[in-house]
Amino acid sequence: MIDPKHLEALSGIVGAENLHSDKAHLRAYSYDATRTYYEPDAVVFPRHEEDVSRILIYCNHHGIAIVPRGAGSGFTGGALPVNGGIVLAMERHMNKILEIDMENMLAIVQPGVINKDLQRHVEELGLFYPPDPASEEYSTLGGNVSENAGGMRAAKYGLTKDYVMALRAVLPNGDIIRAGKRTIKDVAGYNVAGILIASEGTLAVITEITLKLIPKPKYAKSYMGIFPDVEAAMNAVFKSLAEGANPVAMEFLDALVVKAVKEKLGIELPEEAGALLIGDVDGNVPEEVDFQLKVLEESFRENGAQEFRVAEDPAEREKIWKGRRGASPSITIYGSKKLNEDISVPRSMLPKALKAIYAIGEKYGLVVPCFGHAGDGNIHVNVMVDGSDPEELEKGHKAIREIFELVVELGGTLSGEHGIGLSKAEFMEIAFSPAELQLFKSIKKAFDPNGILNPGKMGL
C-alpha cells in the first residue's frame, strides 16, 4: 500500500484529475489479455514528456514501482503491476500524431497513438505503415514498440523494429534521451533505440516515436491454398519462398483449426482439407501481383495442394480471410482455456516443429491446434485444457515447457511477437545461457539501478 503522501505529491505534478486510486480505476488497470489480475496503488495519466520526467524522478527517489501501459492488449503480462506501484497510462493525453513528413516519408507520434489510426491517416496520403498486429484496432504504438509487435504482413514487410527510426524516452532518473535520428543512415554510437525496442518498459519510458513510412502498393489480391495435411502445407511455405514468392502474408491453419472454424463459423471448406495457407500479395502494377500468384500456385501444387483459390473481389476476399480471423475464438470448442504461445522457428524447420508439437500434445492427452504466421516461421501453439481441472492445467504447463525446449533445439525462440513479460519469464533459462542472462541483467541495472521500471518482467 502506497503512502498517501506520495499520491498527493504525484497529484501535484499531473493534477488531481489525472491521478486515480479509486477501486474502479485500479481494477480497470489491473489486467491485460492474459486475464491475470494485479492491482496497482494508483493510475497516473501524464500530460506530456515533462510530466513523465518529474514522475520518474519522484518515484525513483522514493523506490515506487512504475509500470508503463499502452492499451493492456498484451498476451504475456508485460503491463501487469505485479508489485503494485503506479501504472503510467499513456492513452489519455499522449496520443497524438505530431507530424507526417511527406518528403522524408516518416511519422512522428506519441506512444498512445492507436496503430490502426496511424495506418488510416497515412494511407489517406498515399503512404503505408505495414506492421499490423491482430490488436491493431486498439493497441498503441508505444506498446507495439515495447513488444516489437509483428502481424500478418511481417512475412514481406517485417516487424515494428524495421520501422523505428528514433525514439525519445525518459530514464528512471528523469533524464530525457533521444535514441536514433530521422536519417536513413546512422552509425554514430550504440544502437540505443534497438535496445529499447522489445524491452517491455523495463529500461525507460518511451515518449515519442519516429517511424519510417513507405509508398502504399496500388494493387493487392488474396489467395488460399488447400492441402491434405500439415506437412504438405509447411513444405509449401519455405519452398515457395525459395522459388521467389514474396507474399505480404502467408497464414497457416491446421486441421484442428479448420475443423473448428467450419463448426463454429459455418465456413464451407472441402471435407479433406487438412491445412490451409491464406495470404495476400501486392504490387504497383497488376503484372507483379499476377506473377506472385503464379509462383505461389505452381509451388503449392508441386507440394501437394489440392486447390488454389484467388479472390477476385472484396466479397471473395472476405470469405478467404474469415477463417483466419476467426481461428482464435473458434478453437474454444477443444477446451475452456488455451495456453497460447507464439513460438518462432526457421521456416525450413516448420514441418519438423509441428510434427513434434503434436506428438507432445498426444503424450499428455491434450489437443494442440496451431495457426499463425507461417510465412515468417511464427506459429501460435494453443494447448487446450479444462481450466477448472488443476491436473489438466499442470499437464498443459508441462507440455508448454517441452514445446519451448523443442523450439530452442530447432534454432527457434520463445516468442515471435508477444514478448516475455510474466508468463514466459520462467523459460528464459531455456533460451539463454547464464552469461547472456547476466548481460541482460547488467543492461537493466545500467538503465534502472533502483529497479523501479516494470519490475518482475522478462526474468530480470
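Contact, as I use the word in these entries, means heavy atoms within 4.5 Å.

**Ground rules.** I noted that this is a predicted model, in which local features need pLDDT of at least 70 and side-chain atom pairs count only at pLDDT 80 or more, while totals for chains, interfaces and linings use all residues. Residues are numbered from 1 along each chain as its sequence is written, and side-chain values use heavy atoms, with hydrogens and water left out. Helices (H or I, at least four residues) and strands (E, at least two) are DSSP runs, numbered from the N terminus.

**Entry: Arg-153.** I looked up Arg-153 and found it in the loop between α5 (141-147) and α6 (154-157). Is Arg-153 buried or exposed? Buried means under 20% relative accessible area, exposed over 50% and partly exposed in between, with a 1.4 Å probe and protein chains only; Arg-153 has 17% relative accessibility and therefore counts as buried. Leaving aside neighbours within four places in sequence, I listed its contacts as Gln-119, Phe-128, Tyr-129, Pro-130, Asp-132, Gly-158 and Val-248.

**Entry: the five-stranded sheet.** I traced an open sheet of 5 strands, in the order β5-β6-β10-β8-β9, with antiparallel pairing; two strands pair if DSSP finds at least two bridges between them. The edge strands, each pairing on one side only, are β5 (97-101) and β9 (176-180), and the twist averages 15° from one strand to the next. Within this sheet I followed β8 (residues 164-170) and β10 (residues 205-212), which run antiparallel and are joined by 6 bridges, with Ala-166 standing opposite Thr-210 in β10.

I then asked which helices go with these strands. Helix α3 (residues 49-62) lies across β8, β9 and β10 and runs at about 50° to β8, the angles here running from 0 to 180 degrees between N-to-C directions, with axes as lines fitted to C-alpha atoms, for helices over the stretch in contact. Helix α4 (residues 115-123) packs on the sheet as well, touching β5, β6 (106-109) and β10, and its direction makes about 35° with that of β5.

Entry: How many residues of β14 (residues 275-283) are buried? I found 9 of its 9 residues buried, and both faces are covered, with Ala-275, Leu-277, Gly-279, Val-281 and Gly-283 on one side and Leu-276, Ile-278, Asp-280 and Asp-282 on the other. Strand β12 (residues 219-227) pairs with β14 in the antiparallel sense over 9 bridges, and Phe-227 stands opposite Ala-275. Strand β13 (residues 249-254) also pairs antiparallel with β14, over 6 bridges, and there Ala-275 is the bridge partner of Asp-254. From β12 I went on to β15 (residues 307-310), which runs antiparallel to β12 and is joined to it by 4 bridges; Tyr-223 has Val-310 in β15 as its bridge partner.

**Entry: α8 against α13.** Helix α8 (residues 230-242) and helix α13 (residues 350-363) pack at about 150°, with their axes 8 Å apart. They are therefore roughly antiparallel to each other, a label given to angles over 145 degrees, where under 35 is roughly parallel, 65 to 115 roughly perpendicular and the rest oblique. The contact is made by Val-230, Glu-231, Met-234, Asn-235, Val-237 and Phe-238 of α8 and by Leu-350, Pro-351, Leu-354 and Tyr-358 of α13.
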